[in-house]
Amino acid sequence: MGDFDDLLAANAEYAARFTGGDFDGVAHAGVAIVTCMDSRIEPLRMLGLRYGDAKIFRNPGGRVTEAALEALVLGVHLLGVERILVIPHTKCAMTQSTEQELQDRVGESAGLDASWQHFHVIDDQLATLEEDVARVRSHPLVPETVAVGGFVYDVDTGRLSQHC
Ligand SMILES: [Zn+2]
């Protein structure tokens, strides 16, 4: 038995009912989302979106990293994105530890030195969100016609509130 057998079996059922094969890959709702990898976040469902509607970029903390900007620039120019939402969330692990603490915990789990591994920890979530939104807005390849908003998702209530 393979490590992924259950998932491949589930995929076989998915593929049997799959009807999205003609889809062109643009964001049909014109939406791009940068959010955290947290398993409590359902980016499409929480916004009333569905298959094909949005470009989604996820990482620990939902940070606007260089890789996120790369994705957003492609989304805006080649994939129909007109609105960008940056969505960190409450109770995020990246806001609850220092980089040193994460390195120590990972190092303990790995049984190896992890002090060389960087993590984008978040000291002040709202200030970081403002900086991240500003990074998108001020990017030379993101035109002013694109709406950019910073939001916080509450993992206890499911509610999204706009911060900036
Ligand atoms: Zn998180």
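Predicted model: local features only at pLDDT ≥ 70, side-chain atom pairs only at ≥ 80, totals over all residues.
**Entry 1: the whole chain**

I began with the overall picture. The chain holds four helices and five strands. I read their order along the sequence as α-β-β-α-β-α-α-β-β. I then took the extent of the C-alpha trace, which spans about 50 × 45 × 30 Å along its principal axes.

Next I looked up burial. Of the 164 residues in the chain, 36% are buried. The accessible surface comes to about 10,300 Å². Carbon and sulfur atoms own 53% of that surface.

I also checked how far apart in sequence the contacting residues are. Among contacts with a separation of 6 or more, 65% join residues 24 or more positions apart.

I found 13 positive and 25 negative side chains. The centres of the two sets lie 8 Å apart.

**Entry 2: Lys91**

I stayed in the loop between E3 and H3, where Lys91 lies. Lys91 is not a glycine, yet its phi is positive, at about 60°. I flagged this because most residues other than glycine have a negative phi. Lys91 has 44% relative accessibility, so I put Lys91 down as partly exposed.

How many of the five residues of E3 are buried? Four are, so E3 is largely enclosed by the rest of the structure.

I then followed the pairing on each partner. E1 and E3 run parallel, with five bridges between them. In that pair, Val31 stands opposite Arg83 in E3. E3 also pairs in the parallel sense with strand E4, residues 147–153, over four bridges. Here Arg83 stands opposite Ala147 in E4. Leu85 faces Gly149 of E4 as its opposite residue.

**Entry 3: strands E4 and E5**

E4 is mostly covered, with six of its seven residues buried. In which sense do E4 and strand E5 pair? They pair in the antiparallel sense over three bridges, E5 being residues 160–162. Phe151 stands opposite Gln162 in E5. The hairpin of E4 and E5 has six residues between the strands. Within this hairpin, Gly158 takes a positive phi near 80°.

**Entry 4: Thr65**

I picked out Thr65 in the loop between strand E2 (54–59) and helix H2 (66–78). Thr65 has a relative accessible area of 15%, so Thr65 is buried under the 20% cut-off.

What does Thr65 touch, leaving aside its neighbours within four places in sequence? I listed Phe57, Asn59, His120 and Arg135 as its contacts. Of these, Phe57 and Asn59 fall within the residue range of E2. Arg135 falls within the range of helix H4, residues 125–137.

**Entry 5: Asp113**

My last stop was Asp113, in the loop between H3 and H4. Is Asp113 buried or exposed? Its relative accessibility is 53%, so Asp113 counts as exposed. I also looked up its distance to Gly80. Asp113 and Gly80 are 33 residues apart in sequence. In space they stand 44 Å apart, C-alpha to C-alpha.

How values were computed
Residues numbered from 1 in each chain as written. Heavy atoms only, no water. Buried < 20%, exposed > 50% of the residue type's maximum accessible area, 1.4 Å probe, protein only. Helix = DSSP H or I, 4+ residues; strand = E, 2+ residues; numbered from the N terminus. Pairing = 2+ DSSP bridges. Contact = heavy atoms within 4.5 Å. Areas by Shrake-Rupley, 256 points an atom, 1.4 Å probe, with all protein chains shown as cover. Lys, Arg positive; Asp, Glu negative; His and termini not counted. Charge placed at Lys NZ, Arg CZ, Asp CG, Glu CD.
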